[in-house]
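Dear colleague,

I am passing on the structure below, and after it you will find what I noted on going through it.

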Amino acid sequence: MRKYIIGRLIRSFFSIFIVVSIAIVMIYTLVPKENIFFGDSYLPKLGSKPDETIQYKNSRWEELGYLDFVQQSDMCKNSDNYSGCMVIGSEESLVLKANYVDEGYTVDTFPKSGFLYAYKEYTAVELITNWFSNFIQIDNVNKISDDGNLDLERKVYLATDYNGLPAVKCSGCENEYLMYLDGSFPFIHQNFIKLNFGVSYPTYSGVETIDVISSGQGTYDYEDVEFPSGKTASSPLDLHNCTYKATSTLDRLDQEKFDSNYANCSFNYQDPSMISTSYLFGILALILSYVIGLPGGIFMSSRKGKLADKIGTVYINFMIAVPSLAFIFFAKLIGTAFGLPDKFPQFGFNDIRSYILPVIILGLLGTAGLMIWTRRYMVDQSNADYVKFARAKGLSQKEIFNNHILKNAIIPIVDGIPSSIILCISGAVITETVFAIPGMGKMLPDAIKAYNNSMVITLTFILTALSVLALLLGDILITFVDPRIKLDNKGDSR
Amino acid sequence: MENKFKLVKLEEQASEHILAPNYSYWKSVFRRFFSSKVAIFMFIISAIIILMSAIYPLFVPYSPSYTPNINDFATRFIRPNLEYLFGTDNVGNSLFDAIWSGTRNSLAIAFTATAITTILGVTVGAFWGFSKRIDKFMLEVYNIAANIPFTLLVIVLMYILGRGMWQLIFALSVTSWLTTAYFIRVQVMIIRDREYNLASRCLGTPTHRIITHNILPQLISVIVTAISRDVPTFISYEVFLGYLGMGLTQSDASLGRMISDYSQYISSASYLFWLPVCISAIIAVSLYVVGQTLADASDPRTHFI
Amino acid sequence: MEKNVVLSARDIEVKFKVRSRTLTAVRNISLDLYDGETLAIVGESGSGKSVFTKTFTGMLDSNGSVTNGEILFKGQDLVKIKNDKEWEQLRGKKISTIFQDPMTSLNPVRTIGYQIIEVIMKHQGKTKTEAKKLAIELMDRVGITDAAKRFDEYPFQYSGGMRQRIVIAISLACRPEILICDEPTTALDVTIQAQIIKLIKDLQVEYKFTTVYITHDLGVVANVADKVAVMYAGQIVEYGTVEDIFYRPKHPYTWALLSSLPQLGVKGKDLYAIVGTPPSLYEEVVGDAFAPRNPYAMQIDFEEEPPFFQISKTHRAKTWLLDPRAPKVDPPIEIQNLHERLMAIAGEEGGGYHG
C-alpha cells in the first residue's frame, strides 16, 4: 500500500511538472513579451527616452526570467582591461562583442549613449530548469550576509514567542521565526521551506505571486501589539513573520520597535486571502451539492418513471444544458429580487448575504452530475443479483436499501469526490468572476488580462496540483470503503 | 369422420419458424425518438435557431466594429418593435442581426469542436480499446491530461494562442478528444470480450465486419450521448470566454461578449442583456434534449420496452 | 403411506406485459408438493420453470402477474397476497430460494457473517450474539472449515463452491418448509456439483423440508428427485415418480429429452437433438404445443389440446397418444432399456449416473 502511494505521488508530481513546464514554455515563447508592459504605469513616464526604455524593459524581462541581460559594464568585468573595454568602439569592446555573439547573444547598442548591451532569450529547457531550480528555497543560518553586521550571531534556538508559546527562532536566517504556533489554521506554521513561484508583474508589482494569493486582503487589521523592544502600540504588523533588514537600512522607527535586525514584518489584514476565500466558497458549495445531489439521485431512483423522477430529470437536463453564465445570471435575477447583493464587494466578507447566492449557485452547478450518477447507480444496484437474493431471503425493500445498497453506493460516491472538487475549481472561476469575489478563481482571468505571466503560471501550478492530489485522495479513500480493493501498482487508476 | 388419430409426417421447416416480429434498428430508433413530444418540440426549436443563424447572416451581415448608425442618436436603444424585432443597441445596430451572427459563431465553434473531438476520439478510442500496448501508453497520457481542470486549460490556451475562432476551436478540442477516446476505450474493452464477439470470430467473421456490425452499433448510443453533452458544454465555454473578452476577436459577433458589454444596461435597456442570455440558454437546452433523446433512442436495450 | 401435501397449486396462469404485447409464460399448471419429497422440474429454457416457482414467493418481475388459479400453502392462498410485508413473512422463513450464480448472490461489500445473521435476526428475533452462534454452527454444518474465523471474511475470499454453501446456509437458517433450488449447480464445476447436491440432500433429511429442483440436467434429476414434472411451453406435459419418468415415459417430449442424454451417444453417429424451437407464447397455442416438433404427432394434436391421462396413481401425461383411439407407439430405441444402459456407462466411467 505504501509503495503504491509513493508511486502515485511521484506520478502526481510528474503530472504537475509536465503541465507546468508546458505552460511555462508556451507562455514564455508564444505570448509576445511586449504585452506584459500593457499595464505598466511607469513605462509611459519614460516616454521618449530610448536608452532608459530599453534598459527598463530588458531589466524587467530578466527579472521575470525571459532572458539574460548584460550591459557593457557587466560584459567588461570579464576583460583584463576594464577601462579600455569601457571605451565605445574600442578593440576590447569589439572582441567582447564577438565573444558574446558567439555564445548566442544578440548584441546591440544604446541609441543615445552608444554603450553595448546584449541579451539571450532562454531556451525551453533553460526556462524550465530556471523555474524549478528556484522553486524550493530553504532558509538557513548562513542565508544573510550583511556588510553592516559582520558579527551577526548564527544560530537556531528554541524560545518563547511574544505570546509565551514555544517557537523555533533563528539568527542569521532570513526569517526570525522558523516555526511558531498560533490560533489560526493550520496552527503550526513554518518558515523553513518557502516555495518560490516568481514575482508578480505588472499587477501587484514586486510581490511574490504566492504572497499575493495567500496574504490577507482588504484593509490593515490593527491590534495592540507588544514589540520586542518592549514598546506597545496599535499595529497591523505580524510579528511572527519578520525578515532580516540590512543594518544600513534600519531607521529610527525600526530601532524603537525592534531589538534586532528582523524588522521587516508582514501585515495582518482584515479580509481572508484569495486562497482562503476560494477554499471557503468551494467547501460550502461542495457540501451543498452533495446534500442536494445525493438524496436527490436516490429519491429519483426510488421513484423511477414517476413524476418525481421526471421532474428531477428536467432539472438535471436544464442544469447541464444551460450555459453556466446564463444560469448564473438567471439565479442572480432571482436572488437580487430577495435583496441579495449582485456583487460580492457590495457587502463584503462580514455580511452573510454576500455568501448566499454564490454558494448556492456553485453548489447547484455541481448537483446535476451527482444526481445522474447516483440515480443510475441505484437503479443498477436494484437489479443486481444480490438484491434478488436478499429479497428471496425475506428482507424488506427498506432493509435491503439501508443495509446493502447504500454500502455499495458509498464506493462510487467516494470515488466521485475528486471529480467534484475539480469541477468546483472550474465553476469557481466563472462564479467568482461574475460576482467579483476576490479569490483565486477570479485572479486567473485578471492575471491573463494584465499579462501577468508569473501569476498565470502560479495559478496553473496550484490548480493542477489541487486536481492531481484530489484524484490521489479519492483513490486512497476508496480502499477504506471497498474491501475488495487492495491498491498496488498495476491496473489503470482512472 | 376422418381419423384424427393418424400419425402425421413431421415438417421440419415449420418448427424452425421463429415468430418474433421483424426488427429494424433504425426504424426503432426513429420510432422511439418521435414518440417523445418534448423531443419533437425541442427538435423544431433547435432547427429554427440553426436555420436562422445559418441563413440570416448570409443576407444581413453583422460585425460589432461595423457601426453605420453610430452618429444617428435616434437609432439607439430602441426597444423591440416590429421594425427592430430585438431592438437596437448603444451604437444603433440591430440586436436581431447581432444575435443571429453571434449564435452562428457559437454554433459553428461548438459543432466544429464537437466534430473534431468525436471523430478523433472515436478513432483513437477504438484502437486504444483493442491494443494492449497502446493502452499502457495512452493511459499515462490520459492521466496527465485528465488532471487539468478544463476551464484552466481553455483560458490559458486562449491566452497563449490569442483570440480567434480557430484558436478557440483548438483550445476546446485539444484535450476533449482524450475524454471521448477514453469513454470509447472502456466500451470497446467491455464489448470486445463479450461472447457474441468471440462467437463471431469463431465463425470466421473478418475483423472489420466485427467492428462495423457487432461493436459500432453498441457504440452509437455512447457516441450520441457524448455529442449531446459536448455541444452545450462548448457553447457554454464560448459564451463564458466571450464574456471574459478572451474568445473571438473584437470584430466577431459573440453572444458572450454581448452579455458582457450589455450587462451595464441591465436596468436601463434590459432587453439588450437578457436576449443574448436567453437565446444562448434556449439553443443549448434544445440541442441537449434532442441529443439525449436520440442517444436514448439509439440504445438497442430500450427498444424492448 | 400417504404423504402430506405441503403446497398445492391449481390452474396457475402467469402473464407478462412486454412492449405492448402479452406473453403467457405459464399456461394452466396444477401441482402438489409432498412433505419431505424432492420434486424436479425439468424443461428447456423458456419453458416457464423459473416463472412458475417465482409465484410461490411473489418474486415475479414487475410486468408479470398471476392471472388465474390459486396456490394453497398453510391455509393461505398465495396468489391473493398483494403487499410486500406479507411476502416477507414467507420468504426466507417458510419458503427459501437458491439461485443459479453464487458469485453474484452475495453482497460483495458485506461480510459473510453479516449476511447470515441478518436473516436470523429478522425472522427469529434473536440478538446479534445468539445469531452469530447459530450462524457459525450453520457454517460448520454446510462444510466451511474454520467457521468462526471465516465469519468476518468477505465473499471474494471464498471460492464458488463455498459461496454456494453459504447461500444454502442462509436459505436454511430459518428452517423453511420449502426450498426452491433454481439451477443451483449449473455455474459450478462437476466435482463441486456433486458435493452441493449431496449437501442439500443431507440437509433435507436432517432439517426435514421439501425441495423443488429446477434444472435442465437429467443427470441431476436422476440423482435427487422423488417426483419429476416435465414442462414444455408453459405447461406440465408429464408428471410422475423418477422411476415412472425414466423407465416408463409416455410423452413424446419426455422421450425426446431422454434421447438427448449425451451419455447415450454412440461413437460415429450424430447425437440426438430435437428439431425446431419452442413456440412463441405471445400467441395463443392451438392444440398440443409440442406438435410441430413431435415425430409422433397426429392430426388431432394440431387441433385440440390433449387432456391429462392418468397412467398410474403417481403418473400422468398430457398426450393424445394415450387416448384409446390412438395407435400403439413404442418409445424410441435410444431410450429403451435406459436403466441398464446408463448403469453400464456408469460402470465404465465410474460416475455420472446414480440409478
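**Notes on chain B and its partner**

In chain B, residues 24 or more positions apart account for 70% of the contacts with a separation of 6 or more, two residues being in contact if their C-beta atoms, placed from the backbone, lie within 7 Å. Please keep in mind that this is a predicted model, in which local features need pLDDT of at least 70 and side-chain atom pairs count only at pLDDT 80 or more, while totals for chains, interfaces and linings use all residues. Residues are numbered from 1 along each chain as its sequence is written, and chains are lettered from A and ligands numbered from 1 in the order in which they are written.

The secondary structure of chain B consists of 11 helices and 0 strands, where helices (H or I, at least four residues) and strands (E, at least two) are DSSP runs numbered from the N terminus. Its radius of gyration, taken over C-alpha atoms, is 26 Å, well over the 19 Å that the globule rule (2.2 Å times the number of residues to the power 0.38) gives for 305 residues, so chain B is more spread out than a compact globule. The C-alpha trace of chain B spans about 105 × 60 × 30 Å along its principal axes.

Between the chains, 37 residues of chain A are in contact with 32 residues of chain B. Several helices of chain A each supply at least two residues to the side that touches chain B, among them helix H1 (2–30) and helix H15 (397–435).

With regards
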